[in-house]
Amino acid sequence: MDIHNLTDIIANQGFPIALSILLTFRINRFIQDIVITQKEGYRQVLENTKEIHNTITTLNQQNRKYYSLRFAEVQKELAGVKVELSSPH
């Protein structure tokens with residue numbers, strides 16, 4: 001086997017194998033980057049969801065306090081009206 005035949009074999013079979021290995025490693029790295037980015041996206045969505053949940057919970061608590069206070073004021077007003085209606089003139 002002479003050098004010319006050996007270089008032809010390497011060129012015809014070795015290059016496609018080397019190229020396939022290179023592309024496999026590059027695709028693997030690309031997929032790893034996609035997975036890392038996807039995990040970061042999920043983490044951000046989860047973090048934002050928690051923040052929205054906390055905001056809604058806080059607003060609900062504020063609404064409960066407001067309506068409890070308002071209800072107490074209305075009860076006092078109704079009690080005053082009841083006293084006025086039941087008192088003799």
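This is a predicted model: local features need pLDDT of at least 70, side-chain atom pairs count only at pLDDT 80 or more; totals for chains, interfaces and linings use all residues.
I take helices (H or I, at least four residues) and strands (E, at least two) as DSSP runs, numbered from the N terminus. I number residues from 1 along each chain as its sequence is written, and side-chain values use heavy atoms, with hydrogens and water left out.

Entry 1, salt bridges. I applied the criterion of a side-chain nitrogen of Lys or Arg within 4 Å of a carboxyl oxygen of Asp or Glu. The search returned four salt bridges in the structure.

I found Arg 43 paired with Glu 47 at 2.8 Å, N to O. Both residues belong to helix α1 and stand four residues apart, about one turn of the helix. Arg 43 also forms a salt bridge with Glu 40, at 2.5 Å, N to O; these two lie three residues apart in helix α1, again about one turn.

I noted a salt bridge here, with the closest N and O atoms 3.6 Å apart.

I used relative accessible area with a 1.4 Å probe and protein chains only: buried is under 20%, exposed is over 50%, and partly exposed is in between. Glu 40 is partly exposed at 33%, as is Arg 43 at 41%. Glu 47 is partly exposed at 45%. I recorded Asp 33 as partly exposed because its relative accessibility is 33%, and Arg 29 likewise at 47%.
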